[in-house]
Each structure stands twice: as structure tokens, then as C-alpha cells.
Amino acid sequence: MTGSALAPFTADDYRARLERATRAAADAGLAGLLVAPGPDLVWLTGYAPCAVTERLTLLVLAAGREPVEPVLVVPTLEAPDAAKATGAAALSLRDWTDGTDPYAVTAALLDDRGRFGISDNTWAMHLLALQQALPGTSYASLTEALPMLRAVKDAAEVELLAAAGAAADAAFEEIRTVRFSGRRESEVAADLAGLLRRFGHSQVDFTIVGSGPNGANPHHEVGDRVIERGDMVVLDFGGLKDGYGSDTTRTVHVGEPTDEERRVHDIVREAQEAGFRAVRPGVPCQEVDRAARAVITRAGYGEFFIHRTGHGIGVTTHEPPYMIEGEEQPLVPGMCFSVEPGIYLPGRFGVRIEDIVTVTDDGGRRLNDTTREMVIVD
């Protein structure tokens, strides 16, 4: 593996993203951005080191200070791979060798009194060393300073997310045909992971299989519980395909459900539909949460909906924006996020239904298309 990007973007695409990030930094009153290996670096440059080690790799974007050209500070032994990244044509490389001080190299590129946005996954040792080299500087996490930096996707990104969603849908259509009763949750989860890979995922981030009372835990860790007839089973799964995420949830039932189980499933389905129908440009994120939550609250289950309604998705499976009370960020065409209300009855069962949705010019578009009706499995 070299440092090349998975997604089919051009050098011009990365140049536009670098310019957009630099403008956003200046608008936020920052002296620039510092980006370590991780999803932000991949999105901005297409570069992902083979391994993240203690050697400093850092993208420096200076806002309003010469040189304006972005600089990637990189270890000499990794410079050839960095140069192969598609976005390398839009920046310059500044390499350093073992035995020299990479923080001195970086410090020379920075305003010594500036405030910088820094990627959230930057190692503490690197940030502390920069602070020691430039004691007059200060830093804010990118999530705090520029939470919407990657939130609005272009058309190519949306279609990559749609393709990932279609692959996850294909995995669900296959998993619903396998036997559930008498098998362990871990076995069904392994089936799901295999299906995601078969349909093109390079990375599986999670395969939640919450059967019976385990379904009342939204982030249940798959275990050895044997699935029984009469169980409700929450299936929440996703990962990365061609560099972009999938994340979908469907709740199936082993054998015929009770009237109560059908009713709870119908309430969640109605809530999920209400959340989706609330999606349109200009609407605050919190309104999506409010729309879904109102349905569940009216039905008498409000105390059992114990998480936000959604989260953004892109080059990671969880990122801004968040569909949660108090988030007043308006929806913008190109934003992509989950709509996933649920009801969780402790000790009994849970139900969650989740689609990825993108904001369009006049509403929303679902990126998952499998049935939201109750699915009966064996």
C-alpha cells in the first residue's frame, strides 16, 4: 500500500478542498490549520501513510501568510509515498531526516503568535512539542473550530456514499435469508462482515447484532448469546467502501412477533419517516431530531429513545453534523447524515431503523432503500 487515495478524485479536487479549508480558517479568525494523518488529511490531500508512527507528518495550511501554498511536513523515508498521493500536486513537501528536529521545521512555517485549528487525532506529543517550540501559539480542535469543514459533500462524494449505502443494502438482503434461530450473535455478525466485504467494503467498522434483551442496548457488543425464536434482533452495520462510509440499521424478528412488538416497530418506522420528511435546506439540524422524537413521545415511549437521531457520515462513519436538540446549524444541500430513531425497552427488546440521507435542493434523498417494514427471519 502506498499513500494514494481510494476515492477517484483529481489533483484539482484536492486543490479546491485545500483552498476551501484555508478560506474557512481565515473566516474563523485562525492563523491556519495543522492536519495530522487521519480522515482530514485523506480528505484534503488523498494521502494516508502506510503506518502512523511517532515520526511527525503534518499538513500546514497558513491562512493569510506567505507562503500560502500548503506544505506537508513528512519524514524523508516516507516522502516518496507522500509524493504519489493524488493531492500532492497541490502542495509542497518539506521532508526531515531522523536526527533533525521536525518541530523546528514546522515552526518556521507558522505565525509564532497565531491560533491554529488542529486535527482532533493529532498525537499529544506532537502538539506539546509545537507548543514548546512556539509558546506564543494556541490551538483549537478542528471539530470545535471548523465543525462543518467536511460536512457538505460534492456530487461525486454523494454518489460514493450512495454506492456504499447500496452495498450495505445488498448485505441486508442477503442476511435476511440466513438462519438466525439457534445461532450465536457473533456468527450472524461474522456473516454480515463477510457480506459487506463481498459487496465491496474495504473496511468493516461495526456489525451490531442485538438479539432479544441485548437489542435494548443501542451499542451492544456482539456476544455469544444464542438467538431464539421470538427474539427481536437489531442489525446495525457499516464501514468504508472506496473511502466513503455506510451505516444502516434494520430490526428483524425471528418468527412471528407479538402485537406489542409490531406496534413498537411501527412507531419507530413512523418516527424515522417523520425525521426524513423534516429534511430540507435551511432547517436547523435539531428539527430532524424533534420530528422523529415527537412521534415516539406521543406514543408514550419518549423515555426509551435514549440517543440523538443522527450523525454525519463521509470519509468516517461518524462526523458532523449531528441531528440533536440544541444543534441550530442549518441543513445545506450536500450534507449527509443518518436518521435513526429507536425505542429500547430494558430487559426486553429494542427497535431501531436507520437510513443515510443527503440534503437536496428541495428536501432529502435516502441512500438506503431496503424495506422498513417488519422483516420475519427464521
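Is Cys336 buried or exposed? Please keep in mind that this is a predicted model. Cys336 has a relative accessibility of 0%, and therefore counts as buried, the limit being under 20%. Cys285 also stands at 0% relative accessibility, so Cys285 counts as buried as well.

Let me turn to the sulfur atoms. A disulfide is a covalent bond between the sulfur atoms of two cysteines. The structure holds zero disulfides. For Cys285, which takes part in none, the nearest cysteine sulfur belongs to Cys336 and lies 12 Å away. Cys336 is likewise in no disulfide, and its nearest cysteine sulfur is that of Cys285, at 12 Å.

I now come to the helices. Two packed helices are described by the angle between their axes and the distance between the axes. Here, helix α9 covers residues 259-277 and helix α10 covers residues 285-298. Their packing angle is about 155 degrees, and the axes are 7 Å apart. Because angles over 145 degrees count as roughly antiparallel, α9 is roughly antiparallel to α10. The crossing of α9 past α10 is right-handed.

Which residues of α9 and α10 meet? On the α9 side they are Ile267, Glu270, Ala271, Ala274 and Gly275. On the α10 side they are Val288, Ala291, Ala292, Val295 and Ile296. Sorted by class, this contact comprises eight nonpolar residues, one polar and one charged.

Thank you for your attention.

Notes: Residues numbered from 1 in each chain as written. Predicted model: local features only at pLDDT ≥ 70, side-chain atom pairs only at ≥ 80, totals over all residues. Heavy atoms only, no water. Disulfide = S-S within 2.5 Å. Buried < 20%, exposed > 50% of the residue type's maximum accessible area, 1.4 Å probe, protein only. Axes fitted to C-alpha atoms, helices over the stretch in contact; angles between N-to-C directions. Helix = DSSP H or I, 4+ residues; strand = E, 2+ residues; numbered from the N terminus. Parallel < 35°, antiparallel > 145°, perpendicular 65-115°, else oblique. Left-handed = near helix turned anticlockwise from the far one by under 90°. Contact = heavy atoms within 4.5 Å. Nonpolar A, V, L, I, M, F, W, Y, C, P; charged D, E, K, R; others polar.
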